[in-house]
Amino acid sequence: MLQCSMLDRVNSELITETAPIQRRMHGERAKCLQRLIRLGLPVPDTVALSVPLVKAIAGGQRPDMKELLEPFGSWPVISVRASPIEAQWGGPGSILNIGMNRANEAYFASILGAEAAAALHLRFIKSFALDVARLDDEIFDIPDLTSERALEAYETEMDEAFPQEIEAQLLDVLKSMSKAWEGTTARLLRMSKGAPEDAGLGLVVQRMAFGLGKGESGAGVIQFVNSDSGDPQEVGRYKRQSQGRDALSANGEAMYLTRDDRGPSLEEASPEAFEKLQDYGAIARKGLREEMQIEFTISGGELHVLDAVRTPRSARAEIAIVTALAQDEVISKPEAVARVNPKSVPELLHQQVAPDAKRDVISVGVAASPGAATGKLVFNAAAAQTAQSQGEACILVRRETSPEDIRGMHAARGILTERGGTTSHAAVIARGLGLPCVAGASDLEIDTKGRKITTRDGRVFSEGDVISLDGTRGEALAGAVPLLEAGIGGTFQTLMDWADEYRDLGVRANADTPADAEVAAMFKAEGIGLCRTEHMFFAEDRLIVLREAIFANEVEDRRAALDRLLPMQREDFCELFEIMAGKPVCLRLFDPPLHEFLPSSRSGIREMAEAMGLSAKAVQHRIENLSEFNPMLGMRGVRLGITVPEIYDMQARAIFEAVVQSQQDGVEAVVPEIMIPLVSAKREVELVKSRIDSVAADVAAETGAHFYYKLGVMVETPRAALRAGDIATHASFLSFGTNDLTQMTYGLSRDDAGRFMSDYVNKGVFVEDPFHALDQDGVGELLKLACARGRQVRSRLTLSVCGEHGGDPDSIAFCRDIGIGYVSCSPYRVPIARLAAAQLAIRDPGDSDLSTGFEDDRDIVPD
């Protein structure tokens with residue numbers, strides 16, 4: 001039990017300009033109201049109840065009601081509103097007109113009129129019954145309901161009199177709201193919004209400004225920017241003879257704010273009040289340094305400001321708003337950069353399902369790649385290519401994708417898979433292409449032979465049926481839905497340019513083709529941090545040549561086939577160098593096992609047999625010989641480069657010849673970075689390095705050209721991380737492939753983990769999916785060790801992260817802390833990484849002279 005002395009210390013406080021109101025003690029609404037009072041806005045008398053006091057009330061303590069009500073004088077009628085520490089945590093709904101009773105109804109009838117006073121009393125009775133006493137609203141299904149009939153209905157249901165004294169009414173309201181906050185449902189709801197389990201709630205008690213009665217009276221809401229675009233615009237509604245936010249749900253009864261041909265407006269009905277609202281909006285914008293939505297009441301022609309909250313907004317609007325605030329010198333540029341949540345940026349880079357769209361959800365999976373698309377269902381790559389050639393949008397559905405599906409993925413508008421997660425093959429490729437992807441949709445039954453999917457509720461969708469994908473939410477929707485176009489216009493580019501002024505961490509892109517590099521350049525990546533060169537082989541003309549090399553039994557035959565691929569790779573590299581215009585390009589040598597480039601279906605085997613003049617049986621036999629029980633840990637990466645060295649020889653020659661060709665074409669100086677994948681031992685690097693150096697010498701001798709190159713290692717195995725000191729003796733850079741490193745550290749298949757990952761996270765086994773956010777305790781420890789041991793050998797060793805974690809803001813923070821030089825992620829995540837890196841530099845500038853100028857003013861508005 002709390003002692004009286006403790007209650008005294010946590011008691012209520014009249015909000016004045018100088019009152020000791022603190023956001024963490026009294027909540028966000030209380031602090032904002034004090035700011036409004038300081039700015040001279042006409043806020044009704046308000047008392048703030050502190051977080052400890054509200055908690056004490058929930059625990060059964062009784063506050064000093066006389067002290068609480070003293071500021072309101074005689075005949076008070078008041079409201080109570082929630083004041084959580086963070087607005088987004090929500091809270092109990094407001095209760096208005098506390099203090100209305102038979103005596104007050106008679107009193108206010110002489111001031112406001114009988115009809116208005118009766119309406120106030122009736123509204124309070126209903127609100128108290130439903131929100132405090134928790135009665136069913138059916139008790140008020142009475143013809144010609146009046147306050148007296150409502151009181152009778154309440155007393156019949158409760159078997160007790162309705163409280164008439166304001167002290168009793170207010171105490172019951174405070175108890176109800178404080179206990180509701182402590183309830184299990186409310187607790188889980190706010191925790192889902194990021195609140196700690198013990199998050200505190202303050203309450204504010206405010207004198208009512210009625211909005212009912214004689215003269216111009218009503219209530220409304222106004223904001224001064226468009227919530228979708230962020231463009232300046234007076235938006236909102238006003239309703240005569242109303243209270244609170246009634247105007248927003250009044251349908252045709254509400255008035256427009258500005259003059260409008262469609263109906264009456266506040267600007268016409270009360271031009272003085274409208275002009276004052278415009279002034280108040282400008283004052284709040286400058287004083288609170290934010291675009292605010294103002295809740296107001298007009299009572300007998302007198303304007304009152306009841307509350308102001310941060311204007312609701314889309315990600316697109318947020319960027320427009322903060323950019324405008326900075327350009328108007330209301331906030332600084334660093335603060336503008338720091339205000340935008342990097343995780344909201346994908347909403348601007350991709351199409352999105354319109355907020356008001358009707359959503360008929362047929363499946364829920366993993367939100368593997370953001371964006372939205374609508375198209376006809378197709379079930380293989382060939383069908384996707386056919387649809388594209390006919391100008392039809394399609395959604396590619398697979399149990400899981402493989403390199404064989406690449407051409408179909410390029411042709412599709414979106415990808416839906418039964419298996420996989422955020423780092424599955426489908427997810428990684430989709431993010432690189434900027435396509436929406438829903439992976440791990442295990443509640444679907446996919447019949448690839450019958451070309452249909454069956455939902456959990458038994459609905460069947462066949463090839464050609466239209467569905468939509470929301471990769472941002474991880475949902476598949478029946479039919480076509482309205483989509484919003486991407487919005488990477490002027491304000492977005494302005495904000496990103498500001499971010500680059502403060503960023504101290506490099507950001508590159510993972511780009512496998514010239515088309516990917518174009519996107520990377522558009523998003524101002526500082527180079528290519530990972531080019532998976534094998535992805536260049538999936539074009540039809542190249543794939544058949546590569547398959548000939550795979551089928552070759554003799555070294556000379558293999559070299560002959562690879563010689564035909566050489567000019568194709570050289571051309572690709574030349575394009576990459578030209579697009580990146582002197583920026584660094586890191587080229588990972590061939591990584592996947594060879595069998596991934598061979599067909600798996602009967603039709604594919606037959607087509608390959610025809611193309612190569614072999615029997616289907618011979619092709620099948622060769623595929624079986626190359627197959628492995630666990631190909632991800634089999635003959636791939638550097639192991640392939642050592643056992644079948646002709647592939648790496650060809651790639652190295654293509655790189656060096658492309659450098660020479662680029663020099664001759666006048667492209668800015670190119671220093672390619674050649675990366676060896678899946679290394680686990682120093683000797684592997686020595687063997688591959690000797691062959692690459694030899695090829696470089698041959699090309700230099702043949703062409704007479706001088707060129708430079710860097711050789712490095714992709715650290716994907718735990719052993720490579722632990723032996724980074726040895727490996728660094730032959731490497732000028734180490735790039736951490738955190739996708740595979742996570743997979744090998746945990747012993748998890750990233751393609752299958754989606755089946756149980758949500759259970760693991762929900763049960764606290766993992767804090768978060770380690771393929772989505774870097775595991776800083778386990779995988780992160782390996783990174784720390786590797787960085788330290790590598791730099792003991794080479795003090796200027798370049799360190800980077802090129803897994804998908806390179807686009808995750810939390811993971812980027814860890815990378816910066818341990819001294820990583822740059823991160824590399826899919827092109828469409830580059831803006832996220834640029835913004836996140838800039839915010840880290842702003843918050844922790846180190847030796848930089850960065851000051852946001854807002855550290856001491858965080859109580860002004862919600863962050």
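Colleague: Is Asp591 buried or exposed, and at what relative accessibility?
Modeller: Keep in mind that this is a predicted model: local features need pLDDT of at least 70, side-chain atom pairs count only at pLDDT 80 or more, and totals for chains, interfaces and linings use all residues. Residues are numbered from 1 along each chain as its sequence is written, and side-chain values use heavy atoms, with hydrogens and water left out. Buried means under 20% relative accessible area, exposed over 50%, and partly exposed in between (1.4 Å probe, protein chains only). Asp591 therefore counts as buried, with a relative accessibility of 6%.

Colleague: Which side chain meets Asp591 in a salt bridge?
Modeller: A salt bridge is a side-chain nitrogen of Lys or Arg within 4 Å of a carboxyl oxygen of Asp or Glu. For Asp591 the N to O distance is 2.8 Å, and the partner is Arg636.

Colleague: How many residues apart is that pair, Arg636 and Asp591?
Modeller: Helices (H or I, at least four residues) and strands (E, at least two) are DSSP runs, numbered from the N terminus. Arg636 sits in the loop between helix H24 (616–626) and helix H25 (638–643). Asp591 sits in the loop between strand E25 (585–588) and helix H23 (602–612), so the pair links distant parts of the chain, and the separation is 45.

Colleague: What relative accessible area does Arg636 have?
Modeller: Like Asp591, which is buried, Arg636 is in the buried class. Its relative accessible area is 2%.

Colleague: Why does the salt bridge between Glu804 and Arg431 tie together separate parts, and how far apart are they in sequence?
Modeller: The two side chains meet at 2.8 Å, N to O. Glu804 is in the loop between strand E29 (798–801) and helix H33 (809–817), while Arg431 belongs to helix H18 (residues 425–433), so the parts tied together are apart in sequence by 373 residues.

Colleague: How many salt bridges does a search of the whole structure find?
Modeller: One of them joins Asp405 and Arg398, with the closest N and O atoms 3.3 Å apart, and Asp405 is buried at 4%. The search of the whole structure gives a count of 60.

Colleague: Which backbone oxygen does the side chain of Thr323 reach?
Modeller: Thr323 is in helix H13 (residues 315–327), and it is buried, with a relative accessible area of 0%. At 2.6 Å, its side chain reaches the backbone oxygen of Ile319.

Colleague: Which residues have a backbone nitrogen 3.2 Å or 3.1 Å from a polar atom of the Asp64 side chain?
Modeller: Asp64 lies in the loop between helix H4 (51–58) and helix H5 (65–69), and it is partly exposed at 37%. At 3.2 Å the backbone nitrogen is that of Lys66; at 3.1 Å it belongs to Glu67.

Colleague: And how many of the 8 residues of H4 are buried?
Modeller: Buried members of H4 include Val51, Leu53 and Ile57. Just after the helix, Gly60 takes a positive phi of about 105°. H4 is mostly covered, and its buried residues number 6.

Conventions: Polar contact = N/O pair within 3.5 Å; in protein donor to acceptor, adjacent residues only side chain to side chain.
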